[in-house]
Amino acid sequence: MNVIAVEGGRTLQGELTVQSAKNSVLPILAATILCGDTCVIENCPRLEDVDASGAILRHLGCRVQWQGEDLIVDSAPLCRGEIPDEMMRRMRSSVIFLGAILARCGRAELSYPGGCELGPRPIDLHLSALRMLGAQVEESGGRLCCSGGKLRGAEIVLGLPSVGATENAILAACGVGGTTVITNAAREPEIVDLQNFLCKMGAEVRGAGTSTVTVEGGRPLHGCRHRCIGDRIAAATYLCAAAATGGDICLRGVDYRHLSTVTTALCQAGCRVSSGEQWIHLTSGGALRGICPVRTSPYPGFPTDAQAVLMAALLRSSGTTVFVENMFQNRYRHVAELARLGADIRLEGPVAVLYGVKRLRGAPVRCTDLRGGAALVLAGLQADGVTEVGEIHHIKRGYGDLPGDLRRLGAAVREIKK
Ligand code: UD1
């Protein structure tokens, strides 16, 4: 079992190019099956979740191979429309294949993704969107069977701006004739990236990034090359790491506009941030201070995926910060682990109150989920002595090389065998 060993006390400095966004790459890999042709995902990050998507694509019959840093998917030989239970469990966001398989095969069978580390992860909005397109959805024994005898473009109104449901609806709508209009769509930048990819394939999708997305379905699609946008959550992780260690870093390959709520919070805490096309520079103010309440919400609000790393950045701040987690029920599981290092955070339902402490002390801790795991590494960077972070498979789901990236910025972080 490997652990990440973090020796605290170093200041982060230097430049780093951020990986492509996990949350763009995953739906785009699902989208490759729509065209029955070859797609090249340039500079694809090496993530566990990308491997899990690759395994699903191969199971469906696609050819998937790495060529250097590019991932090539040929979906011409696709011959199956079902995903086995163990592949669904390996990655909760595998449900994104539902709309794409339905569009390509007219029928999709997969298992219910169930709950995950963040709490229950319902897919009712995904299913109701597909039903509005005319799909018949049957659920039995944890398996979901979607058949689309009479699929046609339709008006889809989402009860919540769910990222996954918006993506599933867009993917399914590309494969059916007629116009689909999705109202109350999620507005995340990764949905804009998916739209750009689909348009390169020949699809007609517009409006992504706003609450109304329109798809003119049934267009003939072909293969294409695509480089996904920079990962705003990985960027938030490194900015928070630099902020917490009195650092000075410049991140490249990421759109600063996608991070405005995160950089605003860090400026309130005392950092200075400047930015331009595809770069962000942060200089930490040294000792940070507590900030106004941080409430997670759909984009363009503060991202739930950055809640844990911002919390980690503020552990030694002066004063108090209140967090309100509005997106997922179990998103404070890192708090108990942070307490092992000496953090003072009180939980009450969706609210966490952080009281800054003077010192953190290294201790053995365990990742509870992907971003919570990154938060533990960030806490270790500020702690006296060594922090060993276990269960690092969570971190590998979403960061290509978190220890390596932090080392490039001057931190003493290593993955070691235990
Ligand atoms: C995506 C991101 C994830 C991020 C989340 C919220 C990917 C691969 N994952 O996840 O990193 O944390 O957005 O920004 O892009 N909901 C329902 N019914 C549904 C679907 C969702 O009630 O059918 C609820 C969820 O429980 C949650 C909220 O809607 O409370 C938002 O979830 P959603 O936007 O769907 O998140 P994901 O797409 O799963």
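1. Domain bounds here come from an automatic or database domain assignment. With that in mind, the protein chain of this predicted model divides into domain 1, made of 2–18 + 230–417, and domain 2, covering 22–227. Notice that domain 1 is written as two stretches of the chain, 2–18 and 230–417.

2. Next, look at how the two parts sit together. Their C-alpha centres are 30 Å apart. Domain 1 brings 23 residues to the contact, and domain 2 brings 16 residues.

3. How much area do domain 1 and domain 2 bury between them? The value is about 1700 Å², with 53% of it on carbon and sulfur atoms. On the domain 1 side, the residues that lose the most area to domain 2 are Tyr299, Phe328 and Arg397, which together account for 34% of what that side buries.

4. Keep Arg397 in view, as it also has a charged partner: Arg397 and Asp49 form a salt bridge, and their closest N and O atoms are 3.1 Å apart. In total, two salt bridges are found across the interface of domain 1 and domain 2. Five residue pairs are in polar contact across this interface, with both residues at pLDDT 80 or more.

5. Which helices supply at least two residues each to the side of domain 1 that touches domain 2? They are helix 12 (370–382) and helix 13 (393–396). Helix 13 gives the most to that side, with three residues.

6. Finally, sort the domain 1 side of the contact by class: you will find six nonpolar, eight polar and nine charged residues there.

Methods: Residues numbered from 1 in each chain as written. Predicted model: local features only at pLDDT ≥ 70, side-chain atom pairs only at ≥ 80, totals over all residues. Heavy atoms only, no water. Contact = heavy atoms within 4.5 Å. Buried area = accessible area lost by both parts, 1.4 Å probe. Salt bridge = Lys/Arg side-chain N within 4 Å of Asp/Glu carboxyl O. Polar contact = N/O pair within 3.5 Å; in protein donor to acceptor, adjacent residues only side chain to side chain. Helix = DSSP H or I, 4+ residues; strand = E, 2+ residues; numbered from the N terminus. Nonpolar A, V, L, I, M, F, W, Y, C, P; charged D, E, K, R; others polar.
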